[in-house]
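Here's a friendly walk through one protein chain. Have a look at the model first, and then we'll go through it piece by piece.

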Amino acid sequence: MRNFILRRLLQTLPMLLLASLIIFMLFAKTPGDFIDGNITLTAARAAELKAIYGLDQPLFSRYLHWLGQLLRGDLGFSLQYQIPVSQLLNQYIWNSFLLASVALVFYWGIGLAVGIASALKPNSLFDHLVSVVVFAAMSFPTFFLCLLLIKWFAVDLHWLPVGGMTNTGSDDSGWAWVMQVAAHLVLPVMALVMLQAGSLTRYFRASMLDVVKMDFIRTARAKGLRERTVILKHALRNALLPIITLLGFELPGLFSGAIITEKVFNWPGAGHIHIDSLAARDYPVLMGFTLFLAVLTIVGNLIADVLYAWADPRIRVRS
């Protein structure tokens with residue numbers, strides 16, 4: 001197992017280097033930048049600012065300078081917010097983590113429970129009803145679903161706040177602050193759950209259907225084991241193996257922020273500043289944030305590989 005993990009770690013190094021090069025070239029070759037977008041600057045002042053920020057240097061020199069910063073743990077400096085990118089992300093990224101982690105618990109729980117129940121009764125009324133509801137929820141555009149939830153629960157019924165993370169001007173603390181944040185979480189979490197639970201439900205259903213048709217399940221039933229034991233102890237354990245990989249890719253999603261959802265609900269998360277930085281062409285923020293997500297994706301994939309090898313020793317033998 002140790003050799004397997006070491007091999008996977010060594011494989012991530014060239015992937016990280018290649019990811020940094022692609023990300024840098026992608027934004028460096030994009031026409032215009034934050035300084036070009038400021039029409040109030042004179043040509044002399046724009047040239048002076050580009051010299052200060054090193055934007056007048058050759059492309060490869062800029063990449064090596066940026067790479068050296070990354071190796072020191074420096075993601076760059078935001079031209080729009082005038083603070084280090086790492087400090088900027090630290091202010092917003094945990095709000096995205098809170099929103100995404102709460103939503104993840106709900107849509108994974110719903111997807112697992114409904115998907116398994118649907119697989120145990122294939123082609124039944126319940127199965128068809130689940131399919132209709134799932135595809136109906138998945139067919140809604142994100143922004144439309146968010147606006148619809150706001151209209152129903154905030155504008156018409158006045159049950160929940162329209163957006164934000166806390167009430168405007170609020171100085172609550174302790175449990176009062178927790179309850180306030182929880183109330184503001186309900187609508188964005190509801191939107192994310194409706195959008196994500198459907199695909200997971202179908203995935204769990206398909207995986208479970210494949211397992212319950214296998215010989216060892218028929219053998220377990222022939223031995224007289226209770227159906228509950230057959231499903232939870234034998235079928236479910238094997239059906240979850242392919243889903244470990246899917247869970248690994250949830251790691252970047254916990255920090256990336258639900259861009260459209262955060263923007264509609266005015267949630268102060270990483271997705272919110274991502275759109276603002278894109279509009280302002282603040283490329284240091286976009287490069288640092290994109291690289292951070294690339295690292296999380298590679299780490300998530302590594303964790304998924306390790307967990308899969310731990311759950312299924314045959315993977316270690318073949319690797």
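In which helix is the place of Ile 259? Ile 259 has its place in helix H12. Helices here are DSSP runs (H or I, at least four residues; strands are E, at least two), numbered from the N terminus.

Before going on, a word on what you're looking at. This is a predicted model, where local features need pLDDT of at least 70 and side-chain atom pairs count only at pLDDT 80 or more, while totals for chains, interfaces and linings use all residues. Residues are numbered from 1 along each chain as its sequence is written, and side-chain values use heavy atoms, with hydrogens and water left out.

**The whole chain**

The chain has 15 helices and 0 strands. Its C-alpha atoms fill a box of roughly 85 × 60 × 35 Å along the principal axes. Of the 319 residues, 39% are buried. "Buried" means under 20% relative accessible area, "exposed" means over 50%, and "partly exposed" is what lies in between (1.4 Å probe, protein chains only).

The accessible surface comes to about 17,800 Å², and 67% of that belongs to carbon and sulfur atoms. Areas like this come from the Shrake-Rupley method with a 1.4 Å probe; for residues, only the protein chains shown count as cover. As for contacts (heavy atoms within 4.5 Å), take those between residues at least 6 apart in sequence: 73% of them join residues at least 24 apart.

**A nonpolar patch**

Back to Ile 259, which is partly exposed, with a relative accessible area of 32%. Together with Phe 143, Phe 144, Leu 147 and Ile 260, Ile 259 forms a nonpolar patch on the surface, with about 450 Å² of accessible area in total. Patch members must have over 30% relative accessible area and no salt bridge, and nonpolar side chains (Val, Leu, Ile, Met, Phe, Trp, Tyr) are joined within 5 Å. Helix H6 (142–156) and helix H12 (259–264) each supply at least two residues of the patch, and H6 gives the most, with 3 residues.

**Helix H9, one side in and one side out**

Now look at H9, residues 227–239. This helix has 13 residues, yet its end C-alpha atoms are only 16 Å apart, short of the 18 Å that a straight helix would reach at 1.5 Å a residue. That expected span is 1.5 Å times one less than the number of residues.

Which residues of H9 are buried? They are Val 230, Ile 231, Ala 235, Leu 236 and Ala 239. Seen down the axis of H9, these buried residues fall within an arc of 135 degrees, so they line one face of the helix. The arc is that of the directions from the helix axis to the C-beta atoms. The face turned away from the buried side carries the exposed residues Lys 233 and Arg 237. Cover for the buried residues of H9 comes from elements including helix H4 (85–120), helix H7 (175–212), helix H8 (215–222) and helix H10 (241–248).

**Salt bridges**

A salt bridge is a side-chain nitrogen of Lys or Arg within 4 Å of a carboxyl oxygen of Asp or Glu. By this rule the count comes to 7 salt bridges, and the table shows some of them.

| Asp 33 | Lys 50 | 3.8 Å |

Take the pair of Asp 33 and Lys 50, which meet in a salt bridge. Asp 33 lies in the loop between helix H1 (2–28) and helix H2 (43–52), and Lys 50 in helix H2, so the pair ties together parts that are 17 residues apart in sequence. Asp 33 is buried, at 12% relative accessible area, whereas Lys 50 is partly exposed, at 22%.

Most residues other than glycine have a negative phi. His 158, although not a glycine, has a positive phi of about 60 degrees. His 158 sits in the loop between H6 and H7 and is exposed, with a relative accessible area of 63%. Asn 266, not a glycine either, has a positive phi of about 55 degrees. Asn 266 is found in the loop between H12 and H13.

Note on methods: Patch = residues over 30% accessible without salt bridge, like charges linked within 9 Å, V, L, I, M, F, W, Y side chains within 5 Å.
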